[in-house]
Amino acid sequence: MAEPLTVVITGAAGQIAYSLLYSIAKGDVFGKDQPVILHLLDITPMMGVLEGVIMELQDCSISLVRNVIATADPLVAFKNVDAAFMVGAMPRKDGMERKDLLKANVKIFFEQGQAMDKVAKKTVKVLVVGNPANTNACILSKYAPSIPKENFTCLTRLDQNRAQAQIAAKLNVTADKVTNVIIWGNHSSTQFPDVAHAKVDLNGKVVPVREAINDDSYLKNDFVASVQQRGAAVIKARKLSSAMSAAKAAADHMHDWFFGTKGDNWVSMGVISDGSYGIQEGLMYSYPVRIADKKWTIVQGLSIDDFARGKLDATAAELKEELEAAIAECT
Ligand SMILES: NC(=O)c1ccc[n+]([C@@H]2O[C@H](COP(=O)([O-])OP(=O)(O)OC[C@H]3O[C@@H](n4cnc5c(N)ncnc54)[C@H](O)[C@@H]3O)[C@@H](O)[C@H]2O)c1
Ligand SMILES: O=C(O)C[C@H](O)C(=O)O
């Protein structure tokens, strides 16, 4: 069997971690033959709750988990980690936008970046889930300069999964039949869920989603709005932000980073912009990526029409503003 991977989950006593830990422990993320050592970080007042979560993890009786370290000290949590799920942050409440969390949450990533810089492996793969996820990931990377920028990503896979599921429901197929939906930009209400290059397998025949749906007005309006607003809709209904689906998406993201994408398929991830598609360099922007040998590359050469161009630029403008506000908080 392989050597254990050391994996940190921050916000480990919270609701996303409650689902995510089980997924990681049973091998959904790193493989069914891959043992893991779990580092669980939360704040001191949550250590009692975390103890209960660890009891449950133990009671799952899963042999892939070789050790569990619970701590409120980031220097202990990030020590020698191979992968990091950065979940620990305040969730929004009904009526808030995710960027309203910036003031409360960005300092967490400012401080944790510095700790990560000191003690994490330089190869660590980092996924930021805590909102506003793109900007928090940018700040984390900025304050962990010894770790390559390519190692920092943020979660937009939940938006991708939502978009895929909605298209699948409309076409009366299962979600796995829909591929190459793209989420561009910010994990916020300005994100652009784009099906211009998406495909669907209809009874063995692969056709463009646009052709199968045959309703551009729906794809440009109701579909886009409903993916953009899905997080808010869950909060309104559940009085809590999404957790099971967020954990599933985080698991999907890290799994694909480790195991790669298949064939022509791509997935969406928030990654550091290199200027692709005219987006300002250095923003943490969600792009379509292909992954091989544990490295992502932005899919190039996709056609962008005027409608899409406007959407790509609007979400980039929001990210630029968020980043400026976040940097001001970190002085
Ligand atoms: N990107 C996405 O797709 C996505 C999806 C869902 C939720 N989220 C975000 O994920 C975050 C967590 O959501 P949740 O529902 O699990 O929240 P939660 O309140 O249930 O859990 C958050 C946990 O983080 C802990 N925490 C707070 N400050 C911390 C710190 N400095 N270090 C370590 N832990 C800390 C809290 O004590 C708590 O246990 C929120 O910001 C939420 O908005 C993002
Ligand atoms: O919407 C939220 O605030 C939580 C999360 O980002 C989501 O998309 O469900």
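## Basis

The model is predicted, so local features need pLDDT of at least 70 and side-chain atom pairs pLDDT 80 or more, while totals for chains, interfaces and linings use all residues. Residues are numbered from 1 along each chain as its sequence is written, ligands are numbered from 1 in the order in which they are written, and side-chain values use heavy atoms, without hydrogens and water.

## Ligand 2

Around ligand 2 (a heavy atom within 4 Å) stand R92, R98, N131, L158, R162, H187, G231, I235, S241 and S242. Polar side-chain atoms of N131 and H187 lie 2.8 Å and 2.6 Å from an oxygen atom of the ligand. The side chain of R98 has an N or O atom 2.8 Å from a ligand oxygen. Of the 260 Å² of accessible area that ligand 2 has on its own (Shrake-Rupley method, 1.4 Å probe), the protein covers 94%.

## Largest pocket

A pocket here is an open set of points on a 1 Å grid over the protein atoms alone, where a 1.4 Å probe fits, with protein on both sides within 12 Å along at least five of seven lines; lining residues have an atom within 4 Å of a point. Among the 38 lining residues, V87, G88, A89, M90 and P91 lie nearest the centre. Helix 4 (102-119) gives the largest share, five residues.

Terms used: Polar contact = N/O pair within 3.5 Å; in protein donor to acceptor, adjacent residues only side chain to side chain. Helix = DSSP H or I, 4+ residues; strand = E, 2+ residues; numbered from the N terminus.
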